[in-house]
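Here are my notes on the model you sent over.

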Amino acid sequence: MKLTVNIEKRLSRFNLKVHFEMEQENISILGPSGSGKSVTLKCIAGIEKPDRGRIVLNDRVLFDSERGINVPPEQRRVGYLFQNYALFPHMTVVENIGIAFPPHSNTKSRMDELIDIFQLDGLEASYPRRLSGGEQQRVALARMLAAEPELVLLDEPFSALDGILREQMQLKLPALLGSNNYLMVTHDMDEAYRLSEKIMVIDGGSMLAFDAREKLFDAPPDLLTAKLLGLRNYSEATRVGEHVIMVPKWGCYLECGGKEKVSHVGIRPQHILMSPSPGINGFGCEIVQVLEDRFTATVFFRLLSQAREFLLQAVMDKTRLEYIRNSSQPLYACFPPERLLLF
Amino acid sequence: MAFDFAPLWISLKTTLVSTVIVFFLGIGVAQWVINLPPRAKTVLDAIFTFPMILPPTVLGFFLLLLLGSNSPVGQLLKALDLKVIFSWWATVIAGSVVAFPLMYRTARGAFEQIDRTVIDVARTLGLSQRKIFTKILLPLSLPGLMAGTALSFSRTLGEFGATLMIAGNIPKKTQTIPLAIFFAVEGGDMKTALVWVALIMLLSLLSMVLQSLWSSRSQATASRRS
């Protein structure tokens, strides 16, 4: 499978501009709602028409504005899983799947196979409205594969599922799709990380970054991307020495190597260590507010050295929280040098 | 003198033919308009709805101008040796024109309430436009289309003004039941008028009963699905 996309489309609030290549891999497009990610998928499927550009799938030109090519969706062989699954409400499970078979295929054995893979036995004669969210999704996936697509597009595939079911489907999806590669759209960072090798970050119609998931999260290319990828603590900074940067707003000097020209520094809440003893890059701090989850807590704190009133945040497990709460020692927040992100 | 049933047969024939014409035309035009760009859609929608808000006599007047021998269309008909005005076909034209907006609007509404993503997904699954129309659009909009058909039927059956303008009141040719009632009353023949009134009420009632039977049956189908 090889997909090349290079398109532009004028939308009401911004211009969408995306270009990427995809080859034997699973990719997620990550971005806030209204960032143009769904439109991108729709352009690839042919449901929407880009203003300019080119889309090529396995040597078939699907769209080329210069040559006036715009293959209609029914001839693109691109499967599309809608957020609401879009099952045909007047058809049973078997009819929903059956209508998608291309002519000349051995429908009977393929139907049995799909019913089996997607665990739909017993539901063959049911109508969509009688099915649970998870069952509906499995029918929609089976129907999509029945059409023998060359590429699978998933539009927020898990947003209609909750809790345990969502996790189960995230676990099962790659196996269910078998050898089909997929391009998925989501606003959920964990989902994107779990289900794809590469991630594209998009905002306001522009591609901010496109890289292997580990690389993207460990070393985001710029501050905006880092913020979209969940960076909460960041501030202006300047390098004052080979191993020291100054962070005026936090009122401190941080020890760290790395690049020479620095405009901002950031650190993920998960990487800040809070402890009763000062370590490297440790600064006295006081806790302002705590947001407790079942097993972790987000601690909002301020450094004693900082001039202006704003809060930094750190995430830790609950035992750690108990420990620092019960200690009578002064509290320190430590910024491990290798965890600092420099921009 | 034996009671003349001609108006009944003329009315039935006119109504049935008009309803069939309007059924296909309304669905076709609705389907066409839906897929147009927004501006063209608004303009055409207004044009196709216009016959509904005009008084039937005014509509008949315009049809008379359009089909009369002084208009281009009238000239064309003349050249083809077709006489439409004051023929039986004029009753069909009048009936179709007044019923068309009803069918068009209900069909359009029925198509538009279908979830857009259902059509989009059908296309990505490789279904042809024709298959999408017959297997998905039609079944999903059937209740609305049936309601539109019933409305068109009743509207054409009761059509008076436009028919009188372009078809006239020619006994055994263009005299439908509503015309027969009017001219019976005008001639002081209350007995004949009453017979026609009773008959047309019966027909309307019948179409209503059929419609509600059908809709309760389709509701049963729908509840089987949910």
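**Notes on domains, interface and helix packing**

1. Starting inside chain A: domain 1 of chain A and domain 2 of chain A bury about 340 Å² between them, with 68% of that coming from carbon and sulfur atoms. On the domain 1 side, Phe217(A), Pro220(A) and Leu223(A) supply 86% of the area buried against domain 2 of chain A, more than any other three residues. Keep in mind that this is a predicted model.

2. Where do the bounds of those domains fall in chain A? Domain 1 covers 2–224 and domain 2 covers 233–342. Their centres, taken over C-alpha atoms, are 40 Å apart. As for the contact itself, four residues of domain 1 of chain A meet four residues of domain 2 of chain A.

3. Next, the interface between the chains. Chain A and chain B bury about 2,100 Å² between them, and carbon and sulfur atoms carry 65% of it. The contact draws 23 residues from chain A and 21 residues from chain B. Which three residues supply more than any others of the area that chain A buries against chain B? They are Glu74(A), His90(A) and Ile99(A), which supply 29% of that area.

4. Read from the N terminus, its elements run α-α-α-α-α-α-α-α-α-α. The C-alpha trace of chain B spans about 65 × 45 × 30 Å along its principal axes.

5. Now for helix pairs. Two packed helices are described by the angle between their axes and the distance between the axes. Take helix H1 (residues 6–34) of chain B with H5(B): the angle is about 40° and the axes are 6 Å apart. H1(B) and H5(B) cross in a right-handed sense. By class, the residues of the contact between H1(B) and H5(B) are 20 nonpolar, seven polar and three charged.

6. H5(B), which runs over residues 88–112, also packs against helix H3 (residues 56–67) of chain B. Here the angle is about 125° and the axes are 11 Å apart. H3(B) and H5(B) are therefore oblique to each other, and their crossing is right-handed. H3(B) brings Leu59(B), Leu63(B) and Leu67(B) to the contact, while H5(B) brings Ile93(B), Ala94(B), Val97(B) and Val98(B). Sorted by class, the contact of H3(B) with H5(B) has seven nonpolar residues, no polar ones and no charged ones.

7. Last pair: helix H7 (residues 129–157) of chain B and helix H10 (residues 190–225) of chain B. These pack at an angle of about 180°, with axes 11 Å apart. Why is H7(B) described as roughly antiparallel to H10(B)? Angles over 145 degrees count as roughly antiparallel, and that makes H7(B) roughly antiparallel to H10(B). From H7(B), the contact takes Leu142(B), Pro143(B), Met146(B), Ala147(B), Ala150(B), Phe153(B), Ser154(B) and Leu157(B). From H10(B), it takes Ile200(B), Leu203(B), Ser204(B), Ser207(B), Gln211(B) and Trp214(B). The contact of H7(B) with H10(B) has 10 nonpolar residues, four polar and no charged.

Key
Residues numbered from 1 in each chain as written. Chains lettered and ligands numbered in written order. Predicted model: local features only at pLDDT ≥ 70, side-chain atom pairs only at ≥ 80, totals over all residues. Heavy atoms only, no water. Axes fitted to C-alpha atoms, helices over the stretch in contact; angles between N-to-C directions. Helix = DSSP H or I, 4+ residues; strand = E, 2+ residues; numbered from the N terminus. Parallel < 35°, antiparallel > 145°, perpendicular 65-115°, else oblique. Left-handed = near helix turned anticlockwise from the far one by under 90°. Contact = heavy atoms within 4.5 Å. Nonpolar A, V, L, I, M, F, W, Y, C, P; charged D, E, K, R; others polar. Domains from an automatic or database assignment. Buried area = accessible area lost by both parts, 1.4 Å probe.
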